[in-house]
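Visitor: I have the model open and would like to go through it with you. Could we begin with the terms and then turn to the helices?

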Amino acid sequence: MKKLITVIVLSYKSPALYEAIDSVLEQDYDNIQLIINDDATHGFDREMIEAYIYEKNASNIKECIVIQNADNLGTVKSLNNA
């Protein structure tokens, strides 16, 4: 079995979030853990993001974790949190 590769996507008011997700989904490596950490964006819809990933997943994403910080923590703390 191939090693699990973790991809972390940080988001804050990111208009390119879906493009970043699509980029991961298009990879041909078949053992990916995707972690998305949103840094308290107003209106961030966790369920919509999860549904999008599960709908588009070509089975290369083995685990998906979507986190939304309650407060804006900044880049470094968000990365550590992820």
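Guide: A residue is called buried under 20% relative accessible area, exposed over 50% and partly exposed in between, using a 1.4 Å probe and protein chains only. Helices (H or I, at least four residues) and strands (E, at least two) are DSSP runs, numbered from the N terminus. This is a predicted model, in which local features need pLDDT of at least 70 and side-chain atom pairs count only at pLDDT 80 or more, while totals for chains, interfaces and linings use all residues. Residues are numbered from 1 along each chain as its sequence is written, and side-chain values use heavy atoms, with hydrogens and water left out.

Visitor: Which residues of α1 are buried?
Guide: Leu17, Ile21, Val24 and Leu25 are the buried residues of α1. They cover an arc of only 100 degrees around the axis, which puts them on the same side of α1. The arc is that of the directions from the helix axis to the C-beta atoms.

Visitor: Why would such a spacing put residues on one side?
Guide: An α-helix has 3.6 residues a turn, so residues three or four places apart point the same way.

Visitor: And what covers the buried residues of α1?
Guide: The cover includes β1 (5–11), β2 (32–38), α2 and β3 (61–68). Contact here means heavy atoms within 4.5 Å.

Visitor: Which residues are buried in α2?
Guide: In α2 the buried residues are Ile49, Tyr52 and Ile53. Viewed down the axis of α2, they fall within an arc of 95 degrees, so they line one face of the helix. Their cover includes α1, β2 and β3.

Visitor: What does the face of α2 turned away from the buried side carry?
Guide: That face carries the exposed residues Glu47, Tyr54 and Glu55. Glu47 counts as exposed at 55% relative accessibility.

Visitor: Changing topic: how many aromatic pairs does a search of the whole structure find?
Guide: The search finds 1 aromatic pair. The rings of Tyr18 and Tyr52 have their centres 4.7 Å apart and their planes at 80 degrees, so the pair is edge-to-face. The pair links distant parts of the chain, with Tyr18 in helix α1 (residues 17–25) and Tyr52 in helix α2 (residues 46–56), 34 residues apart. As to the cut-offs, rings of Phe, Tyr and Trp (its six-membered ring) pair if their centres lie within 6.5 Å; planes under 30 degrees apart count as stacked, over 60 as edge-to-face and the rest as tilted.

Visitor: How accessible is Tyr18, and how accessible is Tyr52?
Guide: Tyr18 has 29% relative accessibility and counts as partly exposed. Tyr52 has 19% and counts as buried.

Visitor: What lines the largest pocket?
Guide: The lining has 13 residues, of which Ser14, Leu17, Tyr18, Phe44 and Ile49 lie nearest the centre of the pocket. The elements that give two or more residues to this lining are α1 and α2. A pocket is defined on a 1 Å grid over the protein atoms alone, as an open set of points where a 1.4 Å probe fits, with protein on both sides within 12 Å along at least five of seven lines; lining residues have an atom within 4 Å of a point.

Visitor: How much space lies in the largest pocket?
Guide: About 150 Å³ lies in the largest pocket.

Visitor: Now β2. Is Ile36 buried or exposed?
Guide: Ile36, in strand β2, is buried, with a relative accessible area of 0%. Not counting residues up to four places away in sequence, Ile36 touches Val9, Leu17, Ile21, Ile49, Ile53, Ile65, Val66 and Ile67.

Visitor: What about Ile5?
Guide: Ile5 lies in strand β1 and counts as partly exposed at 40% relative accessibility. Leaving aside neighbours within four places in sequence, Ile5 is in contact with Tyr29, Asn31, Ile32 and Gln33.

Visitor: Last topic, the backbone. What phi does Lys13 have?
Guide: Lys13 has a positive phi of about 50 degrees although it is not a glycine. Lys13 is found in the loop between β1 and α1 and counts as exposed at 57% relative accessibility. Ala40, also not a glycine, has a positive phi of about 70 degrees. Ala40 is in the loop between β2 and α2 and, at 24% relative accessibility, counts as partly exposed.

Terms used:
Grid points are joined across faces, edges and corners, and a volume is the space filled by probe spheres set on the points.
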